[in-house]
Amino acid sequence: RVPVYLDCDTGIDDALALAYLLGRPDIDLVGIGSVSGNIDAERGARNTLDLLALAGRDAVPVAVGAHDPLTGSFAGGAPHVHGSNGIGDIDLPAAGRGPVDGSAADLLIRLAHEHAGRLQVIAVGPLTNLALALRTEPRLVDLVPRVTIMGGAALVPGNVTPVAEANIANDPEAAAAVVEASWPVTLVPLDVTLEHVLDEDDRSALLASGHPLPRALGEMLDLYYGFYVELYGERCSALHDPLAAALALDGVAATVAPAVPVTVDATDGPGRGQTICDLRNQRQRWVDRDGAHVRVVLEAEPPLGPHLMQTILG
Ligand code: BDR
Ligand code: CA
């Protein structure tokens with residue numbers, strides 16, 4: 001089974017990604033790190049532990065990650081999108097355990113050594129923990145075969161500034177370091193995540209499940225759908241984080257594109273947090289792509305919704 005490390009800011013769509021991973025019998029979720037983003041890292045870890053308990057998966061280690069970005073401090077999260085507790089303001093029974101000792105970066109480094117050449121890293125929050133881990137253990141770039149990141153906006157507007165997507169905007173310095181490092185990165189930006197959705201029928205199916213985790217997801221999606229109704233014109237949700245998880249594990253397929261140069265703007269101007277993806281003529285060589293190691297996913301098929309629902313409902 002493929003060993004997977006998940007780095008997340010749980011978060012409603014993070015919870016969907018987690019449920020997806022728990023539903024994949026062919027993977028081994030060997031560790032989870034939390035990071036401040038949708039919610040602070042401490043609460044994110046608690047949400048993750050509570051969701052794992054609901055699924056009866058208390059053996060998965062969860063480590064608390066960075067509270068603050070590499071520069072500055074945590075800006076307070078996204079309560080208007082994810083609720084004041086990160087999970088749509090629903091109450092979950094408290095898990096009977098806490099996080100493991102050590103930081104999320106420590107956990108990632110340990111797991112990368114333990115599963116050298118095999119560990120799939122899936123990052124669906126700000127990239128602070130990954131950047132810290134790279135600082136401590138630069139050999140990570142050789143130990144980890146692929147990092148799949150939900151983040152950025154290549155050809156579409158951002159969702160927190162005109163050009164920046166939330167995960168990158170919350171820690172541009174970290175994102176720049178992670179994207180610069182010479183490991184194979186798959187970037188899953190808003191361009192593609194906004195194209196994959198769940199709707200009210202899916203939410204009803206989750207609520208009708210005999211299992212507590214899908215039911216809790218159905219409940220928390222109520223608030224998430226309320227946020228997205230303005231964008232889509234109907235109550236539904238974008239599948240940012242679950243799409244990254246599914247792409248990492250070939251649950252859906254990305255339209256093949258070569259790696260391209262990607263730079264993250266970490267300056268203080270209006271471009272801060274932008275992912276500048278050099279997509280000029282991907283097929284011919286007008287642009288020097290030597291050393292490029294970031295694949296930017298602009299299309300994926302089939303639509304994730306049915307596969308996600310099937311995997312979560314079991
Ligand atoms: C990303 O930001 C967070 O709000 C979501 O969980 C997702 O990871 C989308 O921009
Ligand atoms: Ca997230």
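This is a predicted model: local features need pLDDT of at least 70, side-chain atom pairs count only at pLDDT 80 or more; totals for chains, interfaces and linings use all residues.
Residues are numbered from 1 along each chain as its sequence is written, and chains are lettered from A and ligands numbered from 1 in the order in which they are written.

D250 has a phi near 60°, a positive value in a residue other than glycine, and its place is the loop between α12 and β9 (253–254), where helices (H or I, at least four residues) and strands (E, at least two) are DSSP runs numbered from the N terminus. Phi is likewise near 60° at D89, again positive in a residue that is not glycine. D89 sits in the loop between α3 (79–82) and α4 (104–114), and is partly exposed, with 14 other C-beta atoms within 10 Å.

Turning to the peptide bonds, the one joining T10 and G11 is cis, with omega about -15°, and G11 is found in the loop between β1 (2–8) and α1. A cis bond also runs from E301 to P302, with omega near -5°, and P302 lies in the loop between β13 (300–301) and α13.

How do α1 and α13 meet? The axes of α1 (residues 12–22) and α13 (residues 304–313) come within 8 Å and cross at roughly 65°, the axes being lines fitted to C-alpha atoms over the stretch in contact, with angles running from 0 to 180 degrees between N-to-C directions. The contact is made by L16, A19 and Y20 of α1 together with L308, T311 and I312 of α13, contact requiring C-beta atoms, placed from the backbone, within 7 Å.

Finally, which residues come nearest to ligand 1? Of the 15 residues around ligand 1, they are G11, D13, V124, A166 and H240, a residue being near if its C-beta atom, placed from the backbone, lies within 6 Å. The elements giving two or more residues to this shell are α1, α7 (166–169) and α12 (240–248).

Terms used: Two residues are in contact if their C-beta atoms, placed from the backbone, lie within 7 Å. A residue is buried if 20 or more other C-beta atoms lie within 10 Å of its own, exposed if 12 or fewer, and partly exposed in between; C-beta atoms are placed from the backbone.
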